[in-house]
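Have a look at the model first.

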Amino acid sequence: MRAGSALDYGMGQGRNSIDLASLGWDVWGFDPADAGIAIAQRRAKELGLTLHTSAVSDSEYNFGKERFDLILFSWTKPLVPVQRVVDSLKPGGIVVMECGQEFVLERNSILHLFDSLLIARYEIVRTKADWGDRREMDVFRLVARKP
C-alpha cells in the first residue's frame, strides 16, 4: 500500500507510529498515557521523523471524517463506537488490527466489529505474542477495507 495518512489508535510509546513514519506515512496517534507520548516524540525527533500526537482518551480524540488511509490497532481495540472509526477512514482505506485473546470477548467478535467494511483477511493463530510477556496465545489479526 502506498504511504498516506495513518492513525495509530492507542499508540503507547509509538513503536508502530515510528515504523510507519519511517516508511513515509503521515502519522497521527493518540494514547491517554502522557509518558508514552513523550517517549514516542523523543524517539521520533532523534530519528528526524514527525508524529502528530495527542495525549487523550479514545472518547476525547477527534477522528474526523474521511481523514485516514490506514488505521492501526496494535494490541488495543476500539473503545468508542466503531462507526466513528469507520467514518474517519477515506474510501478505500484500511483497518489493520492485531491483538491477543484478552481483547476478545467472543471468538469472532473482532470480525463482527467491522461488518460495515470488506474483510480482506481474518485469522486466529497460535503464536508467541510480540508484546508483554511474549507468551504463546491466540493472536487475532484482521485487515478490512472501506468500500
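Which residues of the largest nonpolar core touch the most other members? In this predicted model, they are Phe63, Ile71, Phe73, Val95, Phe114 and Leu142, out of 24 residues in that core. Two or more residues come from each of E1, E4, helix H3 (82–88), strand E5 (89–100), helix H4 (109–113) and strand E7 (136–145). The most is given by E5, with four residues.

Beyond its neighbours within four places in sequence, Val95 is in contact with Ile71, Phe73, Leu89, Phe114, Leu117, Leu142, Val143 and Ala144. Another core, of 14 residues, lies apart from the largest one and includes Leu20, Ala44, Leu51 and Leu72.

| Pair | Centre to centre | Angle between planes |
|---|---|---|
| Tyr9 and Phe63 | 5.9 Å | 25° |
| Phe30 and Tyr61 | 4.4 Å | 20° |

Each of these pairs links distant parts of the chain. Tyr9 belongs to strand E1 (residues 5–9), while Phe63 sits in the loop between strand E3 (51–54) and strand E4 (68–74), 54 residues apart. Both Tyr9 and Phe63 are buried. Phe30 is in strand E2 (residues 26–30) and Tyr61 in the loop between E3 and E4, 31 residues apart. Phe30 and Tyr61 are buried too.

One more ring deserves a glance: Trp28 has Arg67 over its face, at 4.7 Å from the ring centre.

Key. Residues numbered from 1 in each chain as written. Predicted model: local features only at pLDDT ≥ 70, side-chain atom pairs only at ≥ 80, totals over all residues. Heavy atoms only, no water. Phe/Tyr/Trp six-rings, centres within 6.5 Å; stacked < 30°, edge-to-face > 60°. Buried < 20%, exposed > 50% of the residue type's maximum accessible area, 1.4 Å probe, protein only. Lys NZ or Arg CZ within 6 Å of the ring centre and 35° of its normal. Core = buried A, V, L, I, M, F, W, Y, C linked by side-chain atoms within 4.5 Å. Contact = heavy atoms within 4.5 Å.
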